[in-house]
Amino acid sequence: MSHHYLRFDNVHYRYPNGCEALRGVSFCITHGEKVALVGANGAGKSTLLLHTDGLLLPTSGHVVVGGVTVTPKTLPLVRRTVGLVFQDPDNQLFMPTVEEDVAFGPVNMRLTDEEVEVRVASALSAVGATELRHAAPHQLSGGQKKRVAIATVLSMSPSILVMDEPTASLDPRSRRQIISLIDSFDHTSLIATHDMEMVAELCRRVIVMKDGAVAADGDTASVFGDSALLEECGLEQPCRFRSVSCCG
Ligand SMILES: Nc1ncnc2c1ncn2[C@@H]1O[C@H](COP(=O)(O)OP(=O)(O)OP(=O)(O)O)[C@@H](O)[C@H]1O
Ligand SMILES: [Mg+2]
């Protein structure tokens, strides 16, 4: 069985305060698919993503990564497969320098010094952050932090890349760079985002969430072509899918 696949089976999740953030989520993403996860604020996207590498475990139901069910016992294996970029980069960066943050995963994988150096240089270059290598992460701008957070995950060469709002707070050039990077990642990826134009450009499939459940799951053209569904889910139809042009 491919280690690049990701499956949710009827996943429910209730936060300790009683908020039921996931209500019976099921889907399967197969090898090489690039899937977008969209939904209004509070729909449950981040909660869902935190289940992909076991940072949260279902209250009921199962999450399966490459044939392995996510449980406390399988976490090390699951985390070697899934690379998760958090919504807030401050949750991902904790070392004194960017270089040490990006090296953290490869060092823990017990790679040689030479291999670690190759991984760090290539991950920083992929996100256009080579010049930030010796900077202190807490002194970076929001967009710079976001790029470095992505590099900390890329340096571990995950088979499944999971990103929570990868283009949030990026300037147009950095956004373009991250879009190209995701485009060139030819393994499985799941991307939660409000950047509907990016979804239209990158993802053939989109999962729409509403109130903790999957409201739609299908090819991007048909989901984004359904203006009533999008409105019902509190989303805006991307320009290129509107029947009446809005782009001049
Ligand atoms: N740590 C938490 N404790 C309790 N409830 C939480 C916690 N984190 C999120 N929630 C609740 O779970 C629901 C889903 O939140 P989640 O962060 O998954 O939404 P989201 O789709 O990622 O939203 P956004 O687009 O704003 O990032 C919301 O009702 C939220 O208030
Ligand atoms: Mg979120």
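How exposed is Ser 46 by relative accessibility? Ser 46 counts as partly exposed, at 23% relative accessibility. Buried means under 20% relative accessible area, exposed over 50%, and partly exposed in between (1.4 Å probe, protein chains only).

## Basis of the model

This is a predicted model: local features need pLDDT of at least 70, side-chain atom pairs count only at pLDDT 80 or more, and totals for chains, interfaces and linings use all residues. Residues are numbered from 1 along each chain as its sequence is written, chains are lettered from A and ligands numbered from 1 in the order in which they are written, and side-chain values use heavy atoms, without hydrogens and water.

Ser 46 sits in helix α1 and Gln 87 in the loop between β6 and α3, so the pair ties together parts that are 41 residues apart in sequence. Gln 87 is partly exposed, with a relative accessible area of 39%.

Helices (H or I, at least four residues) and strands (E, at least two) are DSSP runs, numbered from the N terminus.

## The largest pocket

The largest pocket has a volume of about 660 Å³. Its lining has 22 residues. Asp 53, Arg 79, Phe 104, Gly 105 and Met 156 lie nearest its centre. The elements giving two or more residues to this lining are α2 (75-81), β6 (82-85), α3 (98-108) and α5 (142-154). The largest share, 4 residues, comes from α3. By class, the lining has 11 nonpolar, 7 polar and 4 charged residues.

A pocket is an open set of points on a 1 Å grid over the protein atoms alone, where a 1.4 Å probe fits, with protein on both sides within 12 Å along at least five of seven lines; lining residues have an atom within 4 Å of a point. Grid points are joined across faces, edges and corners, and a volume is the space filled by probe spheres set on the points. Ala, Val, Leu, Ile, Met, Phe, Trp, Tyr, Cys and Pro count as nonpolar, Asp, Glu, Lys and Arg as charged, and the others, Gly among them, as polar.

## The second largest pocket

About 180 Å³ of space lies in the second largest pocket. It is lined by 17 residues, with Asn 41, Gly 42, Ala 43, Gly 44 and Lys 45 nearest its centre. β2 (20-29) and α1 (45-52) are the elements that give two or more residues to this lining. The lining divides into 3 nonpolar, 8 polar and 6 charged residues.

Helix α6 (residues 172-184) has 13 residues. From first C-alpha to last it reaches 18 Å, close to the 18 Å expected at 1.5 Å a residue; the expected span is 1.5 Å times one less than the number of residues. Ser 174, Ile 178, Ile 179, Leu 181 and Ile 182 are buried in α6. Seen down the axis, the buried residues fall within an arc of 160°, so they line one face of the helix. The arc is that of the directions from the helix axis to the C-beta atoms. On the other side, Pro 172, Arg 173 and Ser 184 are exposed.

Glu 165 is placed in the loop between β7 (160-164) and α6. Ser 169 lies in the loop between β7 and α6. Glu 165 is not a glycine, yet has a positive phi of about 55°. Phi of Ser 169 is also positive, near 65°. Glu 165 is buried at 12% relative accessible area, whereas Ser 169 is exposed at 55%.
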